[in-house]
Every structure is written in C-alpha cells, then in structure tokens.
Amino acid sequence: MSKLAVMFTVLLITSGTVVPASTAASSSRKICLFFDDGWENHYSVVLPILQEFGFKATFGVIVKYIGMNRGTFFSRMNYTELSFLKQAGMEIACHTMTHTHLLNVSKEVLDEEIKRAKQVLEAHGFQIETFIYPYGEFNDTIQRYVAEAGYWCARTIERGVFFPSEENRYSLPGWVADTKTMDDFVSFVESVPPGGVGCIVYHFISDEGPAETTVPVNLFRKQLEYLKENNFEIVLVSSLFSAPPAPPPTIPWSILTLVVASLFYGIALFLIFRRRTRKRRETTTSGSPVSSSPLSSRYFS
Ligand SMILES: [Zn+2]
C-alpha cells in the first residue's frame, strides 16, 4: 500500500467517518473476556468452564509458539485445539508472530509480527479480526500497521473501560486479572457504565501456575458467577466493531511524480509562450503612437 493510501485510511479512521457495528443502542454493561498467549491450559481448563457458563471469549495466540512445549506445564495449544475453540464459537486473535517488543523496530519486523502473523493464522482457516499488543506496547506507527493489515480492533493492557468508537478501536483498554483479588475484580467490573465495555485479561487459570500470571480455578469460577448473577453481557470484542474502511486504490509514486512534473512543465511552457506573444505584439506595435488610454495600458503594461 502506498503512503498516500495509508494516510487516507488513517484519516478516515481518525475522522470518525466510519461507524462501528456496536452503535445499536444497548444499556447493558458489556464484558469481553481475553485469554492471552495461547496456553494449552486455555483449552483443557478454560474452555469447559466457559461452556458451562455459556460465555464466549477471545484467545490471543502467538503464531510461532503454537503447539510448543507439549507435555509440560508451559504447553501451548496446537492448531487442532484452536479449531475446537473456533467450533465452540470462541474468537482466535493474533498476538503476533513471536511476542516481541514492537516499539522501535524495523518495518520488516512490524510486517512480520503484525501482517504476516495474521496471514498465517488465516491460511489455517481462522478469521482474524482482533490484534493484541505484546506487553501492551503501541504507538502511532504500530497502530497504522495494525489498521493497514485489516484488523478490526486491537487491545492493550491499560486499565479502563470504553464505549466503542473509531477513535479507540486500535487502543482498547484491558484490565489484567492476574494477582487480583475478588474485591479488585468486583471494583473493576462495577466501574463499567451502562452501554460501556470492560475487557478482562487472563493468562493461566490454574492452582499451580506462576503467581504473577495465574488466577486460581476457584477464583476464576467465582468471577464468572459474579458476571452471570449481575447480568453483565459477555460479548466478543470483534462483535463491537465493523470492518475497517477499505483503503483507497493505490497510486504508484512514479505516476504521481509524472503527473506533477507534467503540470509543472505545462505551466512553464504556457508562461514562456505568453511572454513571447507579448513581445511579438510589442514589436509589431512599436511604430505606432503609444496609446494613453486606460484600456491599452491595462493590457500592454
Ligand atoms: Zn502476551
């Protein structure tokens, strides 16, 4: 895509000319559940619990890690397990190719981690609409790559709630539940206003995982029970947005340069021609007395 096309896309996005799918008025308090990093634990432990509650969730996978470390606690889901999640109505999201830091990296790295990772997942039959920033890191350039790759939305790890809009579709907040108590959880979900959305981010759901990235199974169940009993609406994040605007047709820079150069030479030729015509007129009238009328002075001065 040319720079012009990218600029136009970002202009459309930032100008708010494209209305999200979620504008249907709803006063329900919405929660999006996220499970990051593609742990096998999400398939063997989380999926059955979600199905018990009738909840849908988004699973952010790291493409190069799919199917890794099988047989260990740090086992990652393989493509077969991801397909079962999809069949169960869950969303598979892209969490990059290698979970690398994206700030201050080359164009090639951004291409690989954001665009190519999406293409690989789609080649395996998954419809990829959501991007998840590793470590929650992003800036304008990264956002532009995410938009250009055709993602519908992207999530960070900043605490907060939101109302879906074109301005925030690529910087959605996500509240990380790891290490938090039930009181912390209640305080966060109760901060979601009517019609608003809160994203909750989980990693391991286990009684054995690393404390800093794990929520015990019983606490997780209690949290889902709270959501159910208090009538929160559990939605997939991608359902809150419509497809991003299609980029305008790409105009190669060589053609643009040619058009500008032609215009420049055209104007130059016109000015030269006009000057010569004037001179010729002055030569042919030089034998005649000079008119002092305002009209002639206007045209021949
Ligand atoms: Zn992650």
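Which residue of β2 does Phe35 stand opposite? Phe35 stands opposite Phe59 in β2, and this pair belongs to a predicted model, in which local features need pLDDT of at least 70, side-chain atom pairs count only at pLDDT 80 or more, and totals for chains, interfaces and linings use all residues. Residues are numbered from 1 along each chain as its sequence is written. The chain has 9 helices and 11 strands, where helices (H or I, at least four residues) and strands (E, at least two) are DSSP runs numbered from the N terminus. Of its 301 residues, 30% count as buried; a residue is buried if 20 or more other C-beta atoms lie within 10 Å of its own, exposed if 12 or fewer, and partly exposed in between, with C-beta atoms placed from the backbone. Among contacts with a separation of 6 or more, 71% involve residues 24 or more positions apart, a contact being a pair of residues whose C-beta atoms, placed from the backbone, lie within 7 Å.

**Strand β1 and its partners**

- Strand β1 covers residues 30–36, and 7 of its 7 residues are buried, so β1 is largely enclosed by the rest of the structure.
- In a regular strand the side chains alternate between the two faces of the sheet. From β1, Lys30, Cys32, Phe34 and Asp36 point one way while Ile31, Leu33 and Phe35 point the other way, and all of these residues are buried.
- β1 pairs in the parallel sense with strand β2 (residues 58–61) over 3 bridges, where pairing requires that DSSP finds at least two bridges between two strands.
- Together with helix α2 (residues 40–53), β1 and β2 make a right-handed β-α-β unit; a crossover is right-handed if, with the strands pointing away from the viewer, the path from the first strand over the helix to the second runs clockwise.
- β1 is also joined by 2 bridges to strand β11 (residues 233–234), with the two strands running parallel, and here Ile31 stands opposite Ile234.

**Lys30 in β1**

- Lys30 has its place in strand β1, and this residue is buried because 24 other C-beta atoms lie within 10 Å.
- Leaving aside its neighbours within four places in sequence, Lys30 is in contact with Val197, Glu233 and Val235.
- Lys30 and Leu227 are 197 residues apart along the chain, yet their C-alpha atoms are separated by 9.7 Å.

- Strand β8 (residues 197–202) is mostly covered, with 6 of its 6 residues buried.
- With strand β6 (residues 161–162), β8 pairs in the antiparallel sense over 2 bridges, and the bridge partner of Phe162 in β8 is Val197.
- Strand β7 (residues 175–176) runs parallel to β8 and is joined to it by 2 bridges, with Val201 of β8 as the bridge partner of Val176.
- From β7 the chain crosses through helix α6 (residues 182–189) to β8, and this β-α-β crossover is right-handed.

**Packing of α6 and α7**

- Two packed helices are described by the angle between their axes and the distance between the axes.
- α6 and helix α7 (residues 217–229) pack at an angle of about 30 degrees, with their axes 11 Å apart; axes are lines fitted to C-alpha atoms, for helices over the stretch in contact, and angles run from 0 to 180 degrees between N-to-C directions.
- α6 and α7 are therefore roughly parallel to each other, given that angles under 35 degrees count as roughly parallel, over 145 as roughly antiparallel, 65 to 115 as roughly perpendicular and the rest as oblique.
- The crossing of α6 and α7 is right-handed, a crossing being left-handed if the near helix is turned anticlockwise from the far one by less than a right angle, and right-handed if clockwise.
- The contact is made by Met182, Phe185, Val186 and Val189 of α6 and by Leu219, Lys222, Gln223, Tyr226 and Leu227 of α7.

**Tyr151 in a loop**

- Tyr151 lies in the loop between α5 (140–148) and β5 (153–155), and Tyr151 is buried, with 26 other C-beta atoms within 10 Å.
- Apart from neighbours within four places in sequence, Tyr151 is in contact with Glu129, Thr130, Phe131 and Val146.
- Tyr151 and Arg169, 18 residues apart in sequence, are 9.6 Å apart in space, C-alpha to C-alpha.

Conventions: Contact = placed C-beta atoms within 7 Å.
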